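Good morning, and thank you for coming.

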Amino acid sequence: MENHVISVRQFTIIVTFFAIGTGILIFPASIVGESKQDAWMSSILAVLISLLIVRMFIATGNIAPNKSLVDINKKILGKWVGNFISITFVFFTFITAGELLYFANDFLSTSIMHDSSGYQFSIIFGLLVIFGCSLGLETFARSAEILFPIFFILFIILILLISPQINVENIQPVLENGPKSILFGALLFISYFSFPMISLLMIFPVSIKDKKGAKKGFYIGTIVGGISLIIIITLCILVLDPNYTAHSRFPSYELAKLISIGNVIERIEIILGFMWFIAIFFKTLVYFYASVISLGQILKIKNYRILTLPLGFVLILLSNFIHPNTIHSDIYNKGPWIPFVATYAVILPLVLIVVAKIRKIN
């Protein structure tokens with residue numbers, strides 16, 4: 001396989017974009033739907049727990065810092081079992097990348113270009129992902145580095161412009177629905193936010209120059225991404241109110257529609273749409289890159305790029321059939337998705353760490 005190396009700063013930015021990902025648009029409705037006005041508490045709790053999950057990922061990656069997750073599976077679990085687990089991991093990352101293409105098409109066709117029909121947006125978005133993956137890790141890491149300040153400048157502008165419409169009464173009464181709803185809301189948050197970061201073990205720490213500094217970058221990216229989502233969810237509650245947020249498909253987009261300054265600066269919600277497009281692009285790209293690299297390592301292909309185009313076309317086709325409608329998508333993400341992602345985010349790392357200690361592999 002080809003060697004690609006990025007800096008700690010670039011990795012931190014990739015982690016941040018990956019953490020924010022679909023969350024900036026889709027998180028609020030799901031989390032507020034479960035925790036109501038206490039969703040901000042669920043979010044804070046989830047981010048704190050996520051730091052422990054990231055610590056487990058770091059421990060897993062450090063079993064063999066010069067190897068990817070696929071190679072670690074083989075090293076710890078043996079050739080046959082390790083390759084089998086890795087093949088299922090390819091399935092996980094590939095399926096999830098396809099779902100993100102579905103989200104992109106759903107948002108663009110229903111919220112921005114209403115007259116559009118079909119799957120043209122998933123095709124265009126998919127081609128961008130294929131192109132980004134074919135350029136390699138170093139190239140898309142540099143592009144993330146360039147877009148990062150633009151993203152957060154727009155994010156700060158959004159917060160400042162919507163803040164005058166905050167209504168503190170929307171967050172009351174506190175703990176009305178009890179701790180159970182807060183805990184389930186936190187579980188949902190974690191399943192979208194930190195569990196998928198297991199995919200980053202195809203990059204961390206094997207593809208990072210400073211492997212010691214990469215650990216710090218992992219934490220910083222998680223914290224920055226987590227705080228960003230906490231702010232978005234809290235603003236949706238304070239401005240839109242919990243009931244409206246829970247029943248809106250893209251509540252943060254609706255939030256941005258409310259921005260009005262002197263009846264002159266209005267309808268600038270496209271800013272949030274652009275921010276989301278940046279975040280979901282890099283999250284989809286990481287998933288797809290992880291699946292391509294993983295399959296290449298399993299098949300022992302030196303140049304992974306020969307897999308990019310055929311897998312990319314399959315990915316675009318998959319995105320058109322992965323969910324027949326939004327109801328199916330919601331049921332999947334609140335049900336089967338949680339044990340599915342937890343299998344790779346919790347069970348697999350724990351098994352690798354325990355077996356490595358038993359076999360005394362350092």
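This is a predicted model: local features need pLDDT of at least 70, side-chain atom pairs count only at pLDDT 80 or more; totals for chains, interfaces and linings use all residues.

Residues are numbered from 1 along each chain as its sequence is written, and side-chain values use heavy atoms, with hydrogens and water left out.

Let us start with His 323, in the loop between helix 13 (305-319) and helix 14 (326-334). Helices here are DSSP runs of H or I with at least four residues, numbered from the N terminus. Is His 323 buried or exposed? His 323 is buried, with a relative accessible area of 4%; buried means under 20%, exposed over 50% and partly exposed in between, with a 1.4 Å probe and protein chains only. The side chains of His 323 and His 328 are joined by a polar contact of 2.8 Å. Such a contact is a pair of N or O atoms within 3.5 Å, where within protein one must be able to donate a hydrogen and the other to accept it, and residues adjacent in sequence count only if both atoms are side-chain atoms.

Now to the backbone. Most residues other than glycine have a negative phi, and most peptide bonds are trans. Gln 172 and Pro 173, however, are joined by a cis peptide bond, with omega about -5 degrees. Pro 173 is in the loop between helix 7 (137-162) and helix 8 (178-193). Lys 36 has a positive phi, near 55 degrees, and is partly exposed, at 32% relative accessible area.

Technical notes:
Helices (H or I, at least four residues) and strands (E, at least two) are DSSP runs, numbered from the N terminus.
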